[in-house]
Amino acid sequence: MNQVEKRKCELVEKLGIFLEKKEQLAPVAARIFSHIILTGKQGTTFEDLVSGLCASKSTISTHLNHLQGLKKVSYFTKTGDRKKYFILNSDTMLQGISNMVEEWEGEKELHLEVKEYKEDINRTLKEEDRFDLGFHDSFIEFLDGAIESITKLKEKIINHKH
């Protein structure tokens with residue numbers, strides 16, 4: 001195994017552990033998804049997954065079908081070649097970004113509401129007992145910047161697709 005293959009195997013494992021938690025995937029499904037992500041547009045075959053992940057054909061098949069059912073991966077074929085080449089479904093990334101923005105906007109609204117409550121309470125408290133609102137201001141500013149950045153990324157992805 002050369003250095004690039006070794007590095008890919010390590011990243012498949014590391015990314016797999018992350019995706020297992022983030023996407024609530026079974027360990028093998030997360031490794032398959034990771035392998036597909038790291039292979040890129042050229043796609044990866046069923047045989048590549050079986051050999052690369054050292055798992056049985058039935059295990060790979062089960063989890064690959066599950067990932068396709070979740071619309072996380074899709075495949076293409078090449079003329080004269082009966083193999084399927086599995087790739088990341090680009091809509092998966094867009095949906096993930098949309099979910100992230102929705103979660104951040106909800107979190108921002110909650111911080112605004114808590115901050116407003118604390119501002120109201122501060123009017124009734126002595127100076128030394130008042131809430132410090134700096135954290136909320138900083139966090140809301142951070143969320144605004146994060147939402148703006150990820151929205152720009154989403155627009156680039158959409159524009160690149162068309």
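**View 1. The outward face of helix α4.** Turned away from the buried side of α4 are S58, T62 and G69, which count as exposed (over 50% relative accessible area; buried is under 20% and partly exposed lies in between, with a 1.4 Å probe and protein chains only). Helices here are DSSP runs of H or I with at least four residues, strands are runs of E with at least two, and both are numbered from the N terminus. Keep in mind that this is a predicted model, where local features need pLDDT of at least 70, side-chain atom pairs count only at pLDDT 80 or more, and totals for chains, interfaces and linings use all residues. Residues are numbered from 1 along each chain as its sequence is written, and side-chain values use heavy atoms, leaving out hydrogens and water.

**View 2. The inward face of α4.** Now look for I60, H63, L64 and L67, the buried residues of α4. They fall within an arc of 105 degrees seen down the helix axis (judged by directions from the axis to the C-beta atoms), so they line one face. Their packing partners are α2 (27–39), α3 (46–53), β1 (73–78) and β2 (81–88).

**View 3. L64 and its neighbours.** Leaving aside residues up to four places away in sequence, L64 touches I32, I36, F46, L49, V73 and F86; contact means heavy atoms within 4.5 Å.
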